[in-house]
Amino acid sequence: MKAATKWIRVFGAGLQITAASIFMRIQRSFETPDLRSVGARPRLHVYGTYNLWRSYCDISWRSAKRLRTFEIFALIIYHVRLIDDYVDDQLRPQGIAVENKNLKMGSRQLVCLLRRKIAELPVTQQVKNELVKTFQDYRRKVAAAFIMEGHAGHDAPLEAVLQQRWDITATVYVTIIRTLNLIHGIDPTAARNIENIFANWSITLQVSDDILDFDADVDSIQNIAVSIARKHPQELARWLSQKSITLGWARRHAPSILQGVDQVWERYAGKMFIIDPNHPVVRVMITISAVIKRAVLSNFPKRLYKL
């Protein structure tokens, strides 16, 4: 009976978060004039991530609208996307070494707007200082990680790639969640837990993203799935020969790669569960990540991931 009640709570939380996120995406709730001025148009995953955090921390939409934290949240994510696209599309294909000064290009207007948004917040100066420090720490850590990745090369061993993904992807998620926690005054213990939960969740999502980008990254960018596949050259050759990889095909023709991918995913999903095993939002997050991983190993149209 207790197990049934627990899963009913999980299902209810998941349904509520999903419905709210889809509705808000349709309504373009985050697309304020300021965000549109810099070209930031949040996708569905931005709404979903924000609502997962709101649900875990029990933050009402009224409170969120009053403080307009979704603007700062969306701006940071858009900044991350700009930098990531710039590195992947402009620097790496041309063999240009990533340097700190490179990462400032194309984001000056965005950073200025973000600073203005922080200055306008109805919070103490101490909190504003912490927000600025959090953003500066993110830029420094991610820049250093990109540079390190460039030195290590795309064919680094799996553990090195996982550390790089932690230093980049997990740092991004910790930054956006810590920003929200600071503005809304979340209890320190709950804040630390949700930051760690999102950090580990980001790596489970990165696994799926790396499966999607397998062919594009194999000879250019560090990729979790590719690093696993390099340990199994025969399976790697078969994988690369396929136009589309499904779960059934992988089970038959690349079982070692699939097992390695699942083991990495389970490592980080397991850490999420250990942090807070009883909160329904944590189970919802793990379920979302599992569904995405299953979807990328299917004939699910890849363009739908860009919604």
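V282 counts as buried, because its relative accessibility is 1%. The cut-off for buried is under 20%. Where does V282 lie? V282 is in helix 15, residues 280-296. Now look for F198. V282 and F198 are 84 residues apart in sequence. In space, their C-alpha atoms are 9.2 Å apart.

A word on what we are looking at. This is a predicted model. The mean pLDDT of the protein is 89. Of its residues, 89% reach 70 or more. Where is confidence lowest, and where is it highest? It is lowest in helix 5, residues 69-91, with a mean of 78. It is highest in helix 14, residues 255-275, at 98.

Let's stay with helix 5 for a moment. I77 has its place there. Is I77 buried or exposed? I77 is buried, since its relative accessible area is 15% and the cut-off is under 20%. Along the sequence, I77 and T175 are 98 residues apart. From C-alpha to C-alpha, I77 and T175 are 9.7 Å apart.

Next, helix 8. This helix covers residues 158-184. Two of its residues are worth a stop. Q164 lies in helix 8, and I183 is found in helix 8 too. Take Q164 to begin with. Q164 counts as buried, because its relative accessibility is 6%. What lies 2.6 Å from a polar atom of the Q164 side chain? The backbone oxygen of A145 does.

Now I183. I183 counts as buried at 6% relative accessibility. Pair I183 with T124. They are 59 residues apart in sequence. Their C-alpha atoms are 9.3 Å apart in space.

Step out of helix 8 and you come to a loop. I186 is found in the loop between helix 8 and helix 9, and helix 9 is residues 188-212. I186 is buried, with a relative accessible area of 15%. So a loop residue can be buried, as I186 shows.

D58 lies in the loop between helix 3 and helix 4, and helix 4 is residues 61-67. Is D58 buried or exposed? D58 is exposed, because its relative accessible area is 68% and the cut-off for exposed is over 50%. Its backbone is worth a look as well. Phi of D58 is near 60 degrees, a positive value in a residue other than glycine. Most residues other than glycine have a negative phi.

R28 also has a positive phi, about 55 degrees, although R28 is not a glycine. Where is R28? R28 lies in the loop between helix 1, residues 2-27, and helix 2, residues 33-37. R28 is partly exposed, with a relative accessible area of 42%.

Back to helix 3, which D58 follows. Helix 3 is residues 44-57. We can check its length. At 1.5 Å a residue, its 14 residues should span 20 Å. The end C-alpha atoms are 20 Å apart, so the two agree. How many residues of helix 3 are buried? The count is 11 of the 14, so helix 3 is largely enclosed by the rest of the structure. Among the buried ones are V46, Y47, G48, T49 and Y50. W53, R54 and C57 are also buried.

How many cavities of 30 Å³ or more does the structure hold? The structure holds one. The largest cavity has a volume of about 30 Å³. Which residues line the largest cavity? L114, R115, I118, V132, F135 and Q136 do. Which elements give two or more residues to that lining? Helix 6, residues 108-120, and helix 7, residues 125-152, do. By type, the lining divides into four nonpolar residues, one polar and one charged.

Notes. Residues are numbered from 1 along each chain as its sequence is written. This is a predicted model: local features need pLDDT of at least 70, side-chain atom pairs count only at pLDDT 80 or more; totals for chains, interfaces and linings use all residues. Side-chain values use heavy atoms; hydrogens and water are left out. Helices (H or I, at least four residues) and strands (E, at least two) are DSSP runs, numbered from the N terminus. The expected span of a helix is 1.5 Å times one less than its number of residues. Buried means under 20% relative accessible area, exposed over 50%, partly exposed in between (1.4 Å probe, protein chains only). On a 1 Å grid over the protein atoms alone, a cavity is a set of points where a 1.4 Å probe fits but cannot get out, and a pocket is an open set with protein on both sides within 12 Å along at least five of seven lines; lining residues have an atom within 4 Å of a point. Grid points are joined across faces, edges and corners, and a volume is the space filled by probe spheres set on the points. Ala, Val, Leu, Ile, Met, Phe, Trp, Tyr, Cys and Pro count as nonpolar, Asp, Glu, Lys and Arg as charged, and the others, Gly among them, as polar. pLDDT is the predictor's confidence in each residue, from 0 to 100. A polar contact is a pair of N or O atoms within 3.5 Å; within protein, one must be able to donate a hydrogen and the other to accept it, and residues adjacent in sequence count only if both atoms are side-chain atoms.
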